[in-house]
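Me: Hey, could you walk me through this structure? I'd like to start with the ligand.

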Amino acid sequence: MGDLLSKLGEQNFLNKEEIVHFLSHLTAETKTRLFRMADETRQLHYSKSVYMRGLIEFSNYCRRDCMYCGLRKSNPKVDRYRLTEDEILMCCEEGYALGYRSFVLQSGEDFTFTSRILTRIIQEIKRRFPDSAVTLSIGERDEEFYRKLYEAGADRFLLRHETASRSLYESLHPSMSYDNRIECLHTLKRIGYQVGAGFMVGLPGQTLEHLAEDLLFLKDLHPEMIGIGPFIPHSATPLREATGGTVEDTLVMIAMARLFVPDALMPATTAMGTLDPIGREKALSAGANVVMPILSPLSVREKYALYENKICTGDESAHCRHCIEMRIVSSGYRIDLGRGDHCSYPSPVA
Ligand code: SAH
């Protein structure tokens with residue numbers, strides 16, 4: 001196994017058979033080496049920095065019906081909300097005062113937020129906080145829509161591919177198109193966004209072959225950001241009885257992704273912190289280098305439940321900011337409150 005790991009370290013690549021072989025023969029010892037190599041690789045590009053993004057969950061309305069997601073449109077138990085433009089700006093205001101210079105606006109696929117409304121919001125964020133980066137995570141829209149928001153000043157876009165296996169994708173996303181999701185990622189890249197792809201670990205029916213396909217897909221797309229988290233079953237979805245992903249398996253995939261795409265920005269996800277009190281710290285030690293503390297108003301946090309028992313739903317933004325800082329520093333890293341661009345993007349001077 002050591003041979004394959006050395007090869008991965010030297011070439012940042014293994015073929016599908018090699019990945020599957022590696023993953024199915026992992027020993028505790030090899031895992032420790034894998035995590036160490038991933039940590040060293042991330043330091044080549046980003047040293048010990050961990051980038052902070054303030055996450056604003058601005059709407060939990062969704063037109064989609066993803067089988068795993070608590071916000072799916074067929075879940076009648078969700079108390080739906082939309083933040084107003086002022087509320088979104090107030091979250092940024094609070095985040096900016098806490099030192100954040102990178103904001104992520106995330107929602108379900110909510111077409112009430114038209115390109116006109118989102119353009120206004122992005123322009124206003126950029127006007128008030130010109131030294132900050134804006135990331136969108138709002139699902140699939142058409143090219144013209146993505147282009148308008150880029151022109152309004154959005155810098156980055158997160159759109160996880162969820163799984164690179166067409167058959168698995170189709171089983172989890174009734175009436176959605178695998179091709180369209182992948183095409184969206186290419187379109188976003190072409191427009192000029194820093195793009196984030198990514199997947200869940202532990203999906204029902206997911207095999208080592210599927211996970212190998214995820215790594216090969218990422219290698220091919222070379223996104224600037226990669227979000228990987230464990231699937232956590234939600235009791236109000238059709239996958240309520242599923243087992244879900246483990247922290248250990250997710251750590252392995254984070255480390256593998258770091259070695260396949262050495263210069264990616266990779267979050268230690270809230271889902272990791274939900275399954276394990278020190279899940280995010282473990283992710284940082286396995287190659288992740290971004291954290292996304294929540295800035296949403298306390299009154300809506302519980303309502304944005306992609307999965308249940310999400311951490312930090314009762315904590316003030318200032319508390320989250322300091323809690324995560326302590327975790328980063330105690331893991332041996334240092335916080336970076338700047339825009340946190342991908343290393344190939346020179347940070348624009350505000
Ligand atoms: N509507 C946007 C944002 C989705 S929410 C979009 O389509 O991109 C962000 C991510 O949460 C999803 O991409 C998915 O990977 C993850 N997610 C959703 N439900 C989850 C669950 N039950 N467990 C773990 N992660 C989940």
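Me: What does Arg160 do with the ligand's oxygen atom?

Reply: In this predicted model, a polar side-chain atom of Arg160 lies 2.9 Å from an oxygen atom of the ligand. That is a polar contact, meaning a pair of N or O atoms within 3.5 Å. Arg181 also has a polar side-chain atom by an oxygen atom of the ligand, at 3.2 Å.

Me: Which backbone atom is 3.0 Å from a nitrogen atom of the ligand?

Reply: A polar backbone atom of Ser107. As for cover, the protein takes up 91% of the 560 Å² of accessible area that the ligand has on its own. Accessible areas come from the Shrake-Rupley method with a 1.4 Å probe.

Me: How many residues are around the ligand, and which come nearest?

Reply: There are 17, and Tyr68, Ser107, Arg160, Glu162 and Ile232 come nearest. A residue is near if one of its heavy atoms lies within 4 Å. This shell divides into nine nonpolar, five polar and three charged residues. Ala, Val, Leu, Ile, Met, Phe, Trp, Tyr, Cys and Pro count as nonpolar, Asp, Glu, Lys and Arg as charged, and the others, Gly among them, as polar.

Me: Where does the ligand sit?

Reply: In the largest cavity. On a 1 Å grid over the protein atoms alone, a cavity is a set of points where a 1.4 Å probe fits but cannot get out, and its lining residues have an atom within 4 Å of a point. To sit there, more than half of a molecule's atoms must lie within 2 Å of the grid points.

Me: How much space is in the largest cavity?

Reply: About 1000 Å³, where a volume is the space filled by probe spheres set on the points. Of its 48 lining residues, Gln106, Ser137, Arg160, Glu162 and Leu306 are closest to its centre.

Me: Which strand gives the most to that lining?

Reply: S7, with five residues. Strands are DSSP runs (E, at least two residues), and helices are runs of H or I with at least four.

Me: New topic: how much space is in the second largest cavity, and how many residues line it?

Reply: About 120 Å³, lined by 13 residues, with Arg280, Met292, Pro293, Cys312 and Ile324 nearest its centre. Helix H14 (residues 317-330) gives the largest share, three residues.

Me: Last one: how are residues numbered, and which atoms count?

Reply: Numbering starts from 1 along each chain as its sequence is written, and side-chain values use heavy atoms, without hydrogens and water. Local features need pLDDT of at least 70 and side-chain atom pairs count only at pLDDT 80 or more, while totals for chains, interfaces and linings use all residues.

Technical notes:
Polar contact = N/O pair within 3.5 Å; in protein donor to acceptor, adjacent residues only side chain to side chain. 1 Å grid on protein atoms, 1.4 Å probe; cavity = no way out; pocket = protein on both sides within 12 Å on 5 of 7 lines; lining within 4 Å.
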